[in-house]
Amino acid sequence: MLDIKFIRKHKEEIKKNCVQRNIHCDIDELLALDEKRKILLAEIENLQAEKNKLIKAIQNVADKTELIARGKEIKEKLDKLEPEFKKTLEKQEKILREVPNLTHPDSPIGKSDKENKEIERYGKPPQFDFTPRTHEEIMNNLDLIDFERAAKVSGSKFYYLKNESVLLEMALIQFAFRKLLEKGFTPFTTPDLARDKVLSGVGFNPRGKETQIYSVENSDLSLVGTAEITMGGYHMEETILEEKLPLKYVAFSHCFRTEAGSYGRHSSGLYRVHQFSKVEMFVYCAPEDSEKIHEELKNIEVEIFQELGVPFRVVDICTGDLGGPAYRKYDLEAWMVSKNGWGEITSTSNTTDYQARRLNIKLKRSSGEKEYLHTLNGTAISIARALIAILENYQQSDGSVIVPEVLREWMPNKMEKIERKK
RNA sequence: GGAAGCGUGCCUGAGUGGUUGAAAGGGCUUGCUUGGAGAGCAAGUGUGUCGGAAACGGCACCAGAGGUUCGAAUCCUCUCGCUUCCGCCA
């Protein structure tokens, strides 16, 4: 959420930003509601001031009937104005929540992911001297996954991992946590459900039409789509001392996505599923540090996937593809046989104070001044996507798969290769 | 899940309808005192929002949302959270 005062002062800039980010919201309507809100507020406050004076006066008067009558009048007026004020405020906030964050000046301008800009590339897409398999074929062949029975138990796009893929998942988690611990991050596991107000604070719309979020009936809880939600909510309604920043957290959680409306983007296998595990980085920092830390998060992701040894590139996400909260976003995209191209494996965003304002998280300077802090998030490893990248890039002509060297220490007997069971 | 109790400022804690934005103590800040520290003394010490160049002033806030009343931290309802007891359970 942006500061309404900022929007008042930079109306044209905000409108232009909405257009570039391909988000439709009526800024004129927003400002009109804001004006109305302020007028109503002034009226209400004047009445309340009169009321407060009356309350004091009434105590020193013998015959209270006249003043009580006046008090009743004031009350009636307030009873009319207050609901109107509330309604106006709600309308205003509804629009305000839809206004996207400002955009980093270097973010490429563009309408869709086609205009994202590649800024770095590591490794080369593998040259196979055989017909490479998709991860789905590999996993079926090596008995690493069971979609059919998951469909029976939970529905389509759910899966059981099985055999070595389970071990790989745990190895990836261990690998990611050790890496982040070395870099001074504090480890967490988080709840997999969160209150709707946390979801919307972080920037997710839990119960809208096109929501990606599963909600629990008869409760205000939803299954989290990412640990960004629980880690962003972690410090909500708090003020953090400047000297404690930055707070660097790494969290494991399960992630649940309805993938509603994703039919046009059909993909088979593990690429787009209803549930997966993820190790997520989340940072709270002072505003002046967020750009630098965003680069750090990107570089950590690069380091992780370089060590995992899969070919990938880094893209700078263009305005039309940024989503609401992000000021700037980088994705890592690995080479995938199943996509015959690049597929997203991580994403890191600088959301500046957009989430912090909604979640009411401030920092207190040593001077005593308070302001909203900045939040950032980034994927360390998203297991399903990482499995795709590893299996498809490490596959051998005989159908086996080499285990990336950095993962072997977490595998039983330092397993080097996943082979077909006898 | 059942029962009971509780939720006040940075902390402890008073306050059960009216001059309480809120006693008292602690903490913290500043000044005095001291060779220095401590003790002591004095003053100050919330947030949000609106108006204002500022000084300052209005309004709101005693978990949150509603209600009763001329008037609510105080009464009523609901929600959230915490504590204790019982039940259940990985």
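The legends below describe close-up views of a predicted model.

**View 1. The two domains of chain A.** Chain A is split into domain 1, residues 4–98, and domain 2, residues 113–418. Taken over C-alpha atoms, the centres of the two domains are 42 Å apart. Contact between them involves four residues of domain 1 and four residues of domain 2. On the side of domain 1 that touches domain 2, one residue is nonpolar, two are polar and one is charged.

**View 2. The surroundings of RNA strand B.** There are 15 residues around RNA strand B, and those that come nearest are Glu45, Gln48, Ala49, Asn52 and Gly71. Helix α3 supplies the largest share, nine residues. Sorted by class, this surface near RNA strand B holds six nonpolar, four polar and five charged residues.

**View 3. Lysine 53 in helix α3.** Lysine 53 is placed in helix α3. Lysine 53 counts as exposed because it has 10 C-beta neighbours inside 10 Å, and the cut-off for an exposed residue is 12 or fewer. Between lysine 53 and glutamine 396 there are 85 Å in space, C-alpha to C-alpha, and 343 residues in sequence.

**View 4. The eight-stranded sheet.** Eight strands make up an open sheet with mixed pairing, in the order β1-β10-β11-β12-β15-β9-β8-β4. The edges are taken by β1 (117–122) and β4 (186–189); each has a single partner strand, so one side of each lacks a neighbour in the sheet. On average, and with direction ignored, neighbouring strands of this sheet are turned by 25° against each other. Strands of a sheet pair through backbone hydrogen bonds, in either a parallel or an antiparallel manner.

**View 5. Strand β15 and its partners.** Strand β15 spans residues 374–382 and is mostly covered, with nine of its nine residues buried. Strand β9 (residues 275–285) runs antiparallel to β15 and is joined to it by eight bridges. In this pairing, valine 283 stands opposite leucine 376 of β15. Strand β12 (residues 341–350) is also antiparallel to β15, with three bridges between the two. Leucine 376 in β15 is the bridge partner of asparagine 350, while glycine 378 in β15 has threonine 348 opposite.

**View 6. Helix α10 across the sheet.** Helix α10, residues 290–308, lies across the strands β1, β9, β10 (312–316), β11 (328–336), β12 and β15. The helix runs at about 5° to β15. Strand β15, as noted for the previous view, has nine of its nine residues buried.

**View 7. The three-stranded sheet.** An open sheet is formed by three strands in the order β7-β13-β14, and its pairing is mixed. The edge strands, β7 (239–241) and β14 (370–372), each pair on one side only. From one strand to the next, the twist averages 35°. Strand β13 (residues 362–364) is antiparallel to β14, and three bridges join them. Lysine 364 has lysine 370 of β14 opposite.

Definitions and conventions
Residues numbered from 1 in each chain as written. Chains lettered and ligands numbered in written order. Predicted model: local features only at pLDDT ≥ 70, side-chain atom pairs only at ≥ 80, totals over all residues. Near = placed C-beta within 6 Å. Helix = DSSP H or I, 4+ residues; strand = E, 2+ residues; numbered from the N terminus. Nonpolar A, V, L, I, M, F, W, Y, C, P; charged D, E, K, R; others polar. Domains from an automatic or database assignment. Contact = placed C-beta atoms within 7 Å. Pairing = 2+ DSSP bridges. Axes fitted to C-alpha atoms, helices over the stretch in contact; angles between N-to-C directions. Buried ≥ 20, exposed ≤ 12 C-beta atoms within 10 Å, placed from the backbone.
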